[in-house]
Each structure stands twice: as structure tokens, then as C-alpha cells.
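Please walk through this structure with the text below, which moves from the chain as a whole to a sheet and then to a single residue.

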Amino acid sequence: MARRKDPSAPRPGKSRAAALVKTRRERSIPKQTVAPLPARGEPFTSDDAVWLYGLHPVRAALANEARRIRRLIVRPPLDSGIAALAKRRQVVPEPVDRLTLESMLPPAVVHQGVALLVDPLPPAHLEPLCAAPAPDTVVVVLDQVTDPHNVGAIMRSAAAFGAAAVVVQSRHAPPAHGALAKAASGALELVPMVAVTNLARALGELADAGYRLFGLDSAAKARLDEAELSGPVALVLGSEGKGLRRLTQEHCDLMVRLPTGSRLADLNVSNAAAICLYELARRRKP
């Protein structure tokens, strides 16, 4: 009498261990990698729409009436603060699974279970900053700072210490969404980010409007905490690697440094910006 074949037995030429490994791999692969979504009349992506993700950027964007909201995608449960803001803006949250949410965003981002498709903010301009600035006005100018995490962190410090705007060079600045917005933690909705084509010309316009231009350089002789900081101030910071360019330095009224120790004179540009903005706020406190 012939023996009945065991269906779970490995095929000839393959070990039982190899068959078990294959079975485990097959079980670990999901049958559906992206869940379908109900149509809302607009695509998830378009030429002008951008994604914001993370609790703080999404909350701030929903609270900003200047933002046009297209879609709110959430992985349940929905944050109560976001739910309240979405209701006020008449935005209907769309629940999705984790794989769907992550398929819409760049790889390995920290989205915290929420993403918002929005239109870019209306462009900010330099002219309002130059129209009779108040004596305590502070503007941050970034000379080719390209890391979105650094720019976002500087935006956050600018919001915390009351800077009027952050000026960047349009060709050498990260896009004002995604990683920058996440690092800014909502400050992108609070502080105007002014993109200019010619940074040297923008510095000249700020100087003509009465701003004193302070360039930060670890090799400078003058210290920021000893400098005269009265009147409108433009704090000029250079790129992560090369610092301020020569032409940018020539437009500054004074090059200053932070009083760091000799063992580590250079700081990350976002850390340096936070310290400078704190010093300006402290010195000008009534």
C-alpha cells in the first residue's frame, strides 16, 4: 500500500529548514501594501500642492487662515487638537492605514500619524520689512544655508524670540515644506520666510532702511554680547560649511562672534542663531 504524501513535506532537493524559511517569508509579506481611499474630488498630489506632516506643523497650518487646505490624512486615533481645528476649517479627516500614509510621504519621515496637503503660502516680500522698521525689529538673513533641518530650527527660534522675518536666497534654500516645516514645528505659519533672488541687493535695501547688519563669524574680533545693538538689526548667518561669503561680509556693518571657548569655537548654524536671537531679545527687554 503506497504512502500518502504529506503536503507540508519539503520538495525533493530542498531541506525542510529552507522550506520553513520560505513559508515564513511568504506569511510576512502583506497581501495589500496600500489601502484604497475614497475619492474626494482632488488628487493627492499636484504641481503646486505640498505635504506637511507631524502634529505641530499640521496644527499650525490648520490654524493659519492664509493656508488653503486640500486634504487631511490621518492614521486613527485622530489628535483632539487637530480634530477641533479641522472642524473649524470644515476639513473632513480621511482615516488611512500606516502603509497608505507612508506611501504618500518621503521615506523614513516622522509623520506622527498625520499629513496635510496644502497650497504654498503666499510669497512674502522684503518691502514691508524696509518700510519704517521699529527700533526693536530683528530680521534673520541666511546666506546659502541649505539644510532644511537647520533652516527649520532657525525659523522656530525666530518665532520664539520675536524676529520679524527670515530672509533666504531663493536658489540656495530648501523648499518651505516637508522636512523644513517639520523642523520648524509650526513656525513656518508664524514667521514670514522671504525668498530673494539677489542677497547682496537685499542686504543693501535693509541697510538703506536703517538696519544695522551684523555678520556672524567665529574668527571675528568683536563679540556679539559687547556690540551696540540698538535700532533695527539684521543678523546675517552663513552656510553650514563655508560660512558667510566675501561679498556678504562686505555688506555687513560689523562681523561678530559668540563668546565660545577655544576648544570648540564653531557651533551649528541653527544653535548659533538661537543664541544670537536670545541675546538680542535679552538686551532689548524693556
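This is a predicted model: local features need pLDDT of at least 70, side-chain atom pairs count only at pLDDT 80 or more; totals for chains, interfaces and linings use all residues.

The chain holds ten helices and eleven strands. Mean pLDDT for the chain is 84, with 81% of its residues at 70 or more. Among the elements, strand E5 (residues 138–143) has the highest mean pLDDT, 97, while the lowest, 45, belongs to helix H1 (residues 16–28). Over residues 19–44 pLDDT stays under 50. For that stretch the model has 29 contacts beyond four places in sequence, and these should be read with the confidence values in view.

Some totals describe the chain as a whole. Of its 286 residues, 40% are buried. The accessible surface is about 16400 Å², and carbon and sulfur atoms account for 54% of this area.

One part of the fold to follow in detail is a sheet. Four strands make up this open sheet, in the order E1-E4-E2-E3, and their pairing is mixed. Which strands stand at the edges? Strand E1 (50–53) and strand E3 (93–95) do; each has a single partner strand, so one side of each is left without a neighbour in the sheet. From one strand to the next, the twist averages 25 degrees.

The pairing of E1 with strand E4 (residues 114–118) is antiparallel and runs over four bridges. Leu 52 stands opposite Leu 116, a residue of E4. A helix also packs on the sheet: H2 (residues 55–63) touches E1, E4 and strand E2 (69–74). The direction of H2 makes about 40 degrees with that of E4.

Is Ser 239 buried or exposed? Its relative accessible area is 16%. The cut-off for a buried residue is under 20%, so Ser 239 counts as buried. Leaving aside residues up to four places away in sequence, Ser 239 touches Asp 143, Gln 144 and Val 145. Of these, Asp 143 falls within the residue range of E5 (residues 138–143), the element with the highest mean pLDDT.

Terms used. Residues are numbered from 1 along each chain as its sequence is written. Side-chain values use heavy atoms; hydrogens and water are left out. Two strands pair if DSSP finds at least two bridges between them. Helices (H or I, at least four residues) and strands (E, at least two) are DSSP runs, numbered from the N terminus. Axes are lines fitted to C-alpha atoms, for helices over the stretch in contact, and angles run from 0 to 180 degrees between N-to-C directions. Contact means heavy atoms within 4.5 Å. Buried means under 20% relative accessible area, exposed over 50%, partly exposed in between (1.4 Å probe, protein chains only). pLDDT is the predictor's confidence in each residue, from 0 to 100. Accessible areas come from the Shrake-Rupley method with a 1.4 Å probe; for residues, only the protein chains shown count as cover.
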